[in-house]
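Trainee: Could you walk me through reading a new structure, one feature at a time?
Mentor: Gladly; let's look at it together.

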Amino acid sequence: MTEPRLQLYGTGWCLKSTALRNYLQSKWIAFDDFNVENDADAELRVRALYNGELKFPTVIKGKNHLKNPTISELNAFIKK
């Protein structure tokens, strides 16, 4: 069984989203990148996690998600 692919939900202008995106790329960690401003389905997926509110960056792996993580929180989340 393969491990679920990491997903990053953010925007192009959000510095935290950009920092997480750059970090994941620098570590060669495979992930899907979704812009909640340009992708209506991505926006709906994030809103479904937070009772209709749009919160980003959000990282999803399988059935688990993490809102606005630090790098150390992200690393721990990835290792789960």
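Trainee: Which residue follows α1, and what is its phi?
Mentor: W28 follows α1, and its phi is positive, near 55°. Helices (H or I, at least four residues) and strands (E, at least two) are DSSP runs, numbered from the N terminus. This is a predicted model, where local features need pLDDT of at least 70, side-chain atom pairs count only at pLDDT 80 or more, and totals for chains, interfaces and linings use all residues. Residues are numbered from 1 along each chain as its sequence is written, and side-chain values use heavy atoms, leaving out hydrogens and water.

Trainee: Which residues of α1 are buried?
Mentor: Buried means under 20% relative accessible area, with a 1.4 Å probe and protein chains only. In α1, that applies to S17, L20, R21, Y23 and L24. They lie on the same side of α1, because they cover an arc of only 165° around the axis, taken from the directions from the helix axis to the C-beta atoms.

Trainee: What covers them?
Mentor: The cover includes β1 (6-10), β2 (31-35), β3 (58-61) and α3 (71-79), judged by contact, meaning heavy atoms within 4.5 Å.

Trainee: In what order do the strands form the sheet?
Mentor: Two strands pair if DSSP finds at least two bridges between them. Here 4 strands make an open sheet with mixed pairing, ordered β2-β1-β3-β4. β2 and β4 (64-67) are at the edges with a single partner strand each, so one side of each has no neighbour in the sheet.

Trainee: How do β1 and β3 pair?
Mentor: They are antiparallel, over 3 bridges; L8 has V59 in β3 as its bridge partner.

Notes:
Buried < 20%, exposed > 50% of the residue type's maximum accessible area, 1.4 Å probe, protein only.
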